[in-house]
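User: I am new to this structure. Please take one part and go through it closely.

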Amino acid sequence: TQTITLASRPKGVPTAENFTFETRKLPPLAAGQVLLKTLYISVDPYMRGRMNEGKSYVPPFELGQPIAGGAVAEVIESQSEALPVGSLVVGSLPWQEFSVADGQGLSRVPAGPAPVSYYLGLLGMPGLTAYFGLLDICQPKAGETVVVSGAAGAVGMVVGQLAKIQGARVIGTAGSDEKVAYLKSLGFDEAINYKTADLPAALAAAAPNGIDCYFDNVGGAITDAVYNRLNNHARIALCGQISSYNATEAPVGPRPEGKLLTTSARLQGFIVSNYHQRFPEGVQQLSEWYAQGKLRYEETITEGFEQIPAAFLGLFQGENTGKAIVKVA
Ligand code: NDP
């Protein structure tokens with residue numbers, strides 16, 4: 001099978017040279033194992049952290065070993081009663097066209113109205129991140145103002161729509177005028193192009209009553225501007241900091257502690273897997289809202305196994321709207 005391994009650890013922004021394409025021979029199936037054909041591969045910002053040395057909340061990728069991440073695959077040979085030929089599974093798999101697995105950590109993709117790739121997006125890890133981060137940590141109430149950064153991405157577009165379902169006023173930030181227009185078409189009350197706007201002025205205009213909830217996907221200057229407009233008892237879900245994932249020096253900026261103190265705000269970081277026991281509840285509720293037409297979703301699908309590194313690198317250039325996916329077969 002074709003496989004993509006980690007050739008070197010990036011310094012700063014990753015490049016194509018950090019990845020190697022190899023052909024590897026797969027072992028014959030043992031009892032309980034299945035042969036999987038990869039259909040869709042998810043590229044995600046958190047994978048940048050796994051390219052570094054040193055343990056974070058997930059172990060680093062090993063040099064010379066396949067990169068792995070979320071994928072949807074089809075069982076094409078089976079020595080497992082639980083996973084007959086033709087089953088569709090979702091879980092963490094190596095960046096390979098084919099792989100051998102024992103089924104651990106994989107779940108069956110349920111039949112339903114949603115495209116199977118949505119189990120890597122709206123009905124998978126990013127959707128659950130939005131669901132628990134917003135509803136459990138931010139807890140927006142009707143009439144409150146919610147800001148989400150990275151709003152046109154896989155997580156962000158779900159956050160904004162969920163906040164609308166809760167009856168909040170929703171403001172998103174994103175990196176192009178096309179994304180801003182898209183967010184408004186999704187029902188966001190306001191959307192700001194952070195690359196061209198004067199952020200403090202744009203936020204003041206969009207959030208005249210201040211900000212009650214902030215779902216932070218990006219950090220940096222956007223977050224600095226949001227903290228300046230927090231209301232008393234604001235809740236902040238610290239989900240991601242993509243603006244600093246490629247930083248070679250520790251980012252510096254205004255210190256937020258004073259704002260948190262004077263507003264009695266609550267800042268909470270979280271990892272979606274903290275909520276793994278509640279994933280069924282999240283998938284059920286997201287599926288229901290999707291089926292009722294209350295949630296819409298977007299994917300940027302790149303075709304071809306050889307495009308995986310490029311699709312991953314594109315995350316850091318804002319090339320995706322919604323979930324970045326590679327269609328492998
Ligand atoms: P996205 O689909 O949002 O893709 C990344 C987007 O980030 C790009 O499209 C780009 O959009 C934006 N971006 C890239 N560089 C910058 C920058 N320097 N400043 C501001 N925006 C930038 O990814 P996800 O929705 O999958 O993830 C969003 C965030 O959530 C990430 O930080 C990720 O690490 C985090 N995350 C955290 C989880 C958790 O458990 N805590 C789980 C899943 C995701 P634009 O055009 O707007 O710049």
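User: Which residue just after H8 takes a positive phi? Please describe the helix as well.

Analyst: Gly293 does: just after H8, Gly293 takes a positive phi of about 80°. A note on the basis. This is a predicted model, in which local features need pLDDT of at least 70, side-chain atom pairs count only at pLDDT 80 or more, and totals for chains, interfaces and linings use all residues. Residues are numbered from 1 along each chain as its sequence is written.

Now the helix itself. H8 covers residues 279-291 and has 13 residues. Helices here are DSSP runs (H or I, at least four residues), and strands are too (E, at least two), numbered from the N terminus. From first C-alpha to last, H8 reaches 18 Å. That is close to the 18 Å expected at 1.5 Å a residue; the expected span is 1.5 Å times one less than the number of residues.

Next, its two sides. Gly282, Leu286 and Tyr290 of H8 are buried. Seen down the axis of H8, the buried residues fall within an arc of 65°, so they line one face of the helix. The arc is taken from the directions from the helix axis to the C-beta atoms. The face turned away from the buried side carries the exposed residues Pro280, Gln284, Glu288 and Ala291. Buried means 20 or more other C-beta atoms within 10 Å of a residue's own, exposed means 12 or fewer, and partly exposed lies in between, with C-beta atoms placed from the backbone.

Finally, the cover. Helix H2 (125-138) is included in what covers the buried residues of H8. Contact between two residues means that their C-beta atoms, placed from the backbone, lie within 7 Å.
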